[in-house]
Amino acid sequence: MTIPPKMKAAVLTEPNRLEVREVKTPRPGHAEVLIKVEACAVCSSDVSLMAKPWFGQPPYGKHIPGHEYSGRVAALGPTVDEFKVGDRVAVEAHLGCLRCINCRRGDYTACLNFGNTKKGHRANGFTTNGGFAQYVVNHINTVHAIPDSIDFDEASLITNLGCVLYGFETVGGYLVGDQVVVIGPGPLGLISVQVAKALGAGKVYLVGTRKARLSVGGKVGADRLLNVNEEDPVKLVLKETRGRGADLVVETSGGLETPQMAIEMTKPIGKILMLGLPSEPVRVDFENVIQKSKSIYTVRGEGRANCARAVSLWASGRVNLKPLVTHSFPLKNISEAFRTFVERKGGAIKVVVHPNRNH
Ligand SMILES: [Zn+2]
Ligand SMILES: [Zn+2]
């Protein structure tokens, strides 16, 4: 593969402004590969960090966002024999510093040196350059080979699947026969439904407000769809579980009312997994949580070996992320890609950008 000295990339130049510019193509160093990006998905984290910088984010004019991407290995850095040029790959965003106590235990998404690039930490698209570009450099620990059965658009969602798997691992993972409620039929919710079913959950409820998204939930395996505009989800879950409540509630919407809803529909000693990020502090009734011994868990990002597990689950055909990718755009139309995602135009769920295609 010939690598051009310059490439096109979307640079964050000021709040909410991405400009497609010509920049130097990066070169892979020790234990790194250069990836030619085929697909990079827009995520609500991108929308958030473009509005207001996240911790460790490079200054305006220097940052290329995009952390959900897939592509082909285009060049190998010194010492790399784990991959070869042309390999089809998907990536996870976080490389920990690999030296703090959390990283040494494998909890690299909670690296204690987060944002400290001098110490080796990087989170592509957040604290270092990401995939809204024709090429990007990744440490090999963040790269996963994917089989031909997974196309690049679907593969760009690997961190979404990895994040959900990490969440289920954190709550204990054993779901056989459990009553599971998923709140929010967005990307993480629709994936949570599939993973809960794949892990043997009994009945999976999906709670949402939009008919179109809920119907996708039905297609990917939700047993019971609950439209908040038509039914009271707490009453209904309690009724259908004979007053007990759900064993596990997964909150993926990031809503301000839904954390309390999750608490009320969880059975005593049940679990609540928070994956959605509320935009402001929320009020919840901790008396209900404590008096009934309910546990609240959180995870940030894809964590531990869960992206590798994601590839395996995918390859076995037990999850299908294709229905989630609804729109795609070339890099030059990246602003339109973001508008489509944010305004959910045309029923948009996940929107991907193709930096090396003109469409
Ligand atoms: Zn993301
Ligand atoms: Zn670390």
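## Terms and model

A residue is buried when its relative accessible area is under 20%, exposed when over 50%, and partly exposed in between, using a 1.4 Å probe and protein chains only. By that scale H67 is buried, at 4% relative accessible area.

This is a predicted model, in which local features need pLDDT of at least 70, side-chain atom pairs count only at pLDDT 80 or more, and totals for chains, interfaces and linings use all residues. Residues are numbered from 1 along each chain as its sequence is written, chains are lettered from A and ligands numbered from 1 in the order written, and side-chain values use heavy atoms, without hydrogens or water.

## Overall build

The protein has 11 helices and 17 strands. These are DSSP runs numbered from the N terminus: helices are H or I with at least four residues, strands are E with at least two. The C-alpha atoms fill a box of roughly 65 × 45 × 40 Å along the principal axes.

Of the 359 residues, 56% count as buried. Contact means heavy atoms within 4.5 Å. Among contacts with a separation of 6 or more, 69% join residues 24 or more positions apart. The accessible surface is about 15900 Å², and carbon and sulfur atoms hold 50% of it. These areas come from the Shrake-Rupley method with a 1.4 Å probe; for residues, only the protein chains shown count as cover.

## The zinc site

Three protein donors lie 2.1 to 2.4 Å from the zinc ion (ligand 1): C43 through SG, H67 through NE2 and E68 through OE. Donors are N, O and S atoms within 2.8 Å of the metal (3.2 Å for Na, K and Ca); water is not among the atoms, so the site may look incomplete. Along the chain the donors follow the spacing C-x23-H-E. E68 is buried, at 3% relative accessibility.

## Cysteines and N102

The disulfide count is zero, where a disulfide is a pair of cysteine sulfur atoms within 2.5 Å. C103 is buried at 9% relative accessibility. C111 is buried too, at 7%.

N102 sits in helix α2, residues 101-104. Beyond neighbours within four places in sequence, N102 is in contact with D107, Y108, A110 and L112. The N102 side chain reaches the backbone oxygen of A110 at 2.9 Å.

Conventions: Polar contact = N/O pair within 3.5 Å; in protein donor to acceptor, adjacent residues only side chain to side chain.
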